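Please look over the sequence and the three-dimensional model before reading on, and keep both at hand while you work through the points.

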Amino acid sequence: MSDREQNTQDPARRCGFVAVLGAPNAGKSTLVNRLIGAKVSIVSPKAQTTRARIAGIAVTGAIQTVYLDLPGVFAPRRRLDRAMVDAAWRGAGDADFVLLVVDAKRGFDDETAQIVAALRDRGIAAGLVVNKIDLIKRPPLLDLVATLNREGAFTDTFLVSAATGDGTADLKRAIEARLPAGPWHYPEDQLTDISERLLAAEVTREQAFLQLHQELPYALAVETEKWEDFADGSARIEQTIYVQRDGQRKIVIGEKGAKVKAIGAAARAELARILGRNIHLFLHVKVAENWGEKRDFYRTWGLEYDV
Ligand SMILES: Nc1nc2c(ncn2[C@@H]2O[C@H](COP(=O)(O)OP(=O)(O)O)[C@@H](O)[C@H]2O)c(=O)[nH]1
Ligand SMILES: [Mg+2]
């Protein structure tokens with residue numbers, strides 16, 4: 001019996017989309033990885049790490065939950081920024097349930113206030129997730145919850161730490177309880193909607209975000225050019241890191257190639273861990289001044305070019 005037949009014949013099945021919104025750095029990707037119990041979305045202390053809409057898929061019994069990890073919503077300037085904001089709001093529009101993630105330490109800042117106002121304008125009722133509760137004491141946390149709830153935009157409040165897992169099991173149960181009956185959207189064992197090639201590019205970009213500073217992370221893109229599988233289970237992957245200027249290329253390469261070597265070593269180890277196989281990773285660094293204006297780049301990531 002095919003998956004589809006099984007789906008339509010099992011009346012107990014439920015499936016739904018949960019959009020995860022919030023200011024940059026609130027911990028959205030960390031939370032999605034926690035809720036699905038695997039790493040599908042990259043994380044860094046820098047804002048705007050997540051560029052596209054990445055689905056993380058979890059199955060609990062008869063329920064399939066598709067979490068949409070969305071780019072942080074912020075004031076857009078570049079074409080890529082606009083495409084990221086567009087992806088976030090489109091994701092919210094498609095969802096059965098929207099979560100707004102707020103960083104407990106940062107509190108109710110301007111960025112969060114703008115998202116709350118936009119949710120209200122669009123008539124979207126969201127669940128409030130106050131994250132990073134490991135970082136603050138109970139009294140200020142409860143004050144923050146009270147302040148946020150005065151906005152009247154939320155159906156529920158959850159207090160969690162995506163980093164430690166505190167409160168995330170309750171959150172997951174509450175989400176699952178709200179999803180509609182219906183066939184599953186993805187096969188049983190699928191964890192994400194992005195290909196291994198894209199995931200591998202993301203893992204290298206994560207290491208670049210972690211190991212490079214100032215404006216450089218935002219000036220680069222990573223592409224997986226070649227992928228070869230071997231009989232012993234290992235894979236050989238070739239990737240290119242695109243930067244916008246020659247000066248940036250020199251910094252990414254580093255003294256005697258030390259920087260790109262360090263990025264490659266860390267990405268290789270992380271990929272081997274995620275994929276559970278031996279990885280040989282080869283990185284090239286090239287200047288492509290206008291990668292942020294190329295249509296192909298947007299198509300690959302499911303982003304709209306003209307927004
Ligand atoms: N202490 C603490 N740090 C967290 C928590 N959740 C996320 N972080 C950190 O916050 C930063 C931003 O996380 P990320 O998931 O990339 O945020 P996003 O931009 O909203 O997707 C990273 O350095 C995470 O390790 C949490 O619950 N507690
Ligand atoms: Mg993210």
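The briefing below takes up the ligand, the salt bridges, the backbone and some pairs of residues in turn.

This is a predicted model, and every value given here was computed from it. Ligand 1 sits in the largest pocket, and the count of salt bridges comes to 23.

**The surroundings of ligand 1**

- The shell around ligand 1 is made up of 16 residues, of which Asn25, Gly27, Lys28, Thr30 and Asp134 are the closest.
- Helix 2 contributes 3 residues, which is the largest share of the shell around ligand 1.
- In the side chain of Lys28, an N or O atom is found 2.7 Å from an oxygen atom of ligand 1.
- Lys132 also takes part through its side chain, with a polar atom that lies 3.0 Å from an oxygen atom of ligand 1.
- Ala163, by contrast, takes part through its backbone, where an N or O atom lies 3.1 Å from an oxygen atom of ligand 1.
- On its own, ligand 1 has 580 Å² of accessible area, and the protein covers 85% of this.

**Salt bridges**

- Side chains of opposite charge can pair when their charged atoms come close.
- Lys39 and Glu206 form a salt bridge in which the closest N and O atoms are 2.6 Å apart.
- This pair links distant parts of the chain, since 167 residues separate Lys39, in the loop between helix 2 (28–36) and strand 2 (54–60), from Glu206, in helix 7 (residues 196–211).
- Is Glu206 buried or exposed? Glu206 counts as buried because its relative accessible area is 3%, and the cut-off for buried is under 20%.
- Asp229 and Arg277 form a salt bridge through their side chains, with a distance of 2.7 Å from N to O.
- Which residues are joined into one network by salt bridges that share partners? The network consists of Lys39, Glu206, Glu270 and Arg273.
- Arg106 and Glu111 form a salt bridge, and their closest N and O atoms are 2.9 Å apart.
- Glu111 is partly exposed, with a relative accessible area of 29%, and Arg106 is likewise partly exposed, with a value of 39%.

- Most residues other than glycine have a negative phi, and most peptide bonds are trans.
- Asn25 is not a glycine, and yet its phi is positive, at about 80°.
- Asn25 lies in the loop between strand 1 (14–22) and helix 2, and Asn25 is partly exposed, with a relative accessible area of 31%.
- Lys132 is not a glycine either, and its phi is also positive, at about 65°.
- The place of Lys132 is the loop between strand 5 (126–131) and helix 5 (138–149).

**Pairs of residues in sequence and in space**

- Ala163 counts as exposed because its relative accessible area is 54%, and the cut-off for exposed is over 50%.
- Although Ala163 and Thr30 are 133 residues apart along the chain, their C-alpha atoms are separated by 6.9 Å.
- Tyr186 is found in the loop between helix 6 (168–177) and helix 7, and Tyr186 counts as buried, at 18% relative accessibility.
- From C-alpha to C-alpha, Tyr186 is 9.5 Å from Cys15 in space, while the two are 171 residues apart in sequence.
- Pro183 is placed in the loop between helix 6 and helix 7, where Pro183 is partly exposed, with a relative accessible area of 49%.
- Pro183 and Pro11 are 172 residues apart in sequence, and their C-alpha atoms are 8.3 Å apart in space.
- Ile36 is found in helix 2 and counts as buried, at 11% relative accessibility.
- How far apart are the C-alpha atoms of Ile36 and Lys256, which are 220 residues apart along the chain? These two C-alpha atoms are separated by 40 Å.

Terms used
Residues numbered from 1 in each chain as written. Chains lettered and ligands numbered in written order. Predicted model: local features only at pLDDT ≥ 70, side-chain atom pairs only at ≥ 80, totals over all residues. Heavy atoms only, no water. Salt bridge = Lys/Arg side-chain N within 4 Å of Asp/Glu carboxyl O. Helix = DSSP H or I, 4+ residues; strand = E, 2+ residues; numbered from the N terminus. Buried < 20%, exposed > 50% of the residue type's maximum accessible area, 1.4 Å probe, protein only. Near = heavy atom within 4 Å. Polar contact = N/O pair within 3.5 Å; in protein donor to acceptor, adjacent residues only side chain to side chain. Areas by Shrake-Rupley, 256 points an atom, 1.4 Å probe, with all protein chains shown as cover. 1 Å grid on protein atoms, 1.4 Å probe; cavity = no way out; pocket = protein on both sides within 12 Å on 5 of 7 lines; lining within 4 Å. Sits in = over half its atoms within 2 Å of the grid points.
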